[in-house]
Amino acid sequence: MAEENIHKGLAGVVVDTTSISKVVQETNSLTYRGYPVQELAASRSFEEVAYLIWNGELPSEEQLREFTARERSQRQVDPRVIELILGLPKDAHPMQVLRTAVSYLGAADPKAEEDGTEANQAKAERLLAQIPTLVAVDHRRRHGLEPIAPDSELGFSANFFQMTFGEVPEDEVVRAFDISMILYAEHSFNASTFTARVITSTLSDLYSAVTGAIGALKGPLHGGANEAVMAMLEEVKTADRAAEWLDEALSSKKKIMGFGHRVYKNGDSRVPTMRAAFEKMAAVKGADDLLALYNAFEKDFVDRKGIYPNLDYPSGPAYHLMGFDTEAFTPIFVMARITGWTAHIMEQQASNALIRPLSAYNGEDQRQVPSKD
Ligand code: CMC
């Protein structure tokens, strides 16, 4: 096969249709079910957006009431999963813990093998409700703290703060978090969603597909970038060190975390909204130094390379200012992306074809196994 027919990393390859979201490379825009994501983030809650992603339309008031009631009633997790998390090594990465816990939920669900949109919608809603509980339990155990039970009086984002810190912060902080959930919810055929679709295409179950997707999201070229951004900014330390740090990193051919994108080459349409949320956090928390570092680093890197920030660049420092541990940033991403993954799993099932590409062999020519004597 000629080299030009090989699409390394599947770059530029269209593998299927989807009606869930649209990424437009030319205008750097993203829509969920036809709605621009920045407009959804300006006026809607994450719960409304989750409903939209799964059902194709925004909910009526009645539909939203029923949907949020179902989500709030399912947040409590099987106590055996809490035991499992508490028994894992304390230094295991939170994404390893979350992947293990979600896999356990599948093994413990008597209906795990049940198929069809209705059964999968029920599993998807339960995962939406329970993943934050798993993330919060793990966050607390790292600090030697007991789990806090979910509070069904609180919305999705406020409840997550309550379960993690034992209190709900200022409205602006909860809203900024909710906005990040909306922006992270869905993004067409990204690596983790594609992983979920590959697993689904073999007629495997939803939990297996989600467990695989968590593994794919963990890597720093994908979801792991939000924590890598914060680790990097902490290493740079101050705005006046940005240039020197970049000189060294670029001369050793390091990838700069939170910049660049496979599809958007002129900026990511989610960034201005998340950047505004980060700036709000910096104002609420009095974090002028971090904001100055953020701005100086971005300007320097964009000036040098013409490579723009992606969503992980503002979300990493925003989560830091909200008080979350850096290693928890990617599990937080999972709390949002579970909506997109499961929508894609159901879409794949509805019109399935086994995903099985070809490879061009470049190893030894066929040869005979030498005889032993
Ligand atoms: N830092 C330094 N150079 C970069 C970067 C970066 N962040 N991104 C791209 N480049 C360079 C790259 O080295 C290459 O240069 P050259 O042509 O001289 O070899 C050129 O730009 C094209 O890059 P590429 O790797 O072919 O682009 P890609 O589309 O395969 O990669 C990417 C996209 C996201 C893997 C890459 O930009 C990257 O590694 N970024 C850092 C990690 C990151 O922020 N990931 C989050 C992605 S978006 C949100 C998400 O999935 O969570």
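**Ligand shell, domains and a helix pair**

Sorted by class, the shell around the ligand holds 7 nonpolar, 8 polar and 3 charged residues; here Ala, Val, Leu, Ile, Met, Phe, Trp, Tyr, Cys and Pro count as nonpolar, Asp, Glu, Lys and Arg as charged, and the others, Gly among them, as polar. The model is a predicted one, with local features needing pLDDT of at least 70 and side-chain atom pairs counting only at pLDDT 80 or more, while totals for chains, interfaces and linings use all residues. Numbering starts from 1 along each chain as its sequence is written. In total, 18 residues surround the ligand, and the closest are Ala225, Ile256, Gly260, Arg262 and Asn310 (near means a C-beta atom, placed from the backbone, within 6 Å of the molecule or strand).

The chain is split into domain 1 (21-171 + 178-219 + 326-350) and domain 2 (225-322), with bounds taken from an automatic or database domain assignment. Their C-alpha centres sit 25 Å apart. Across the interface, 19 residues of domain 1 are in contact with 21 residues of domain 2, contact being C-beta atoms, placed from the backbone, within 7 Å.

As for helix packing, the axes of helix 2 (residues 46-55) and helix 3 (residues 61-73) come within 10 Å and cross at roughly 100 degrees, so helix 2 is roughly perpendicular to helix 3 (65 to 115 degrees). Axes are lines fitted to C-alpha atoms, for helices over the stretch in contact, with angles from 0 to 180 degrees between N-to-C directions; helices are DSSP runs (H or I, at least four residues), numbered from the N terminus.

Note on methods. Helix = DSSP H or I, 4+ residues; strand = E, 2+ residues; numbered from the N terminus. Parallel < 35°, antiparallel > 145°, perpendicular 65-115°, else oblique. Contact = placed C-beta atoms within 7 Å.
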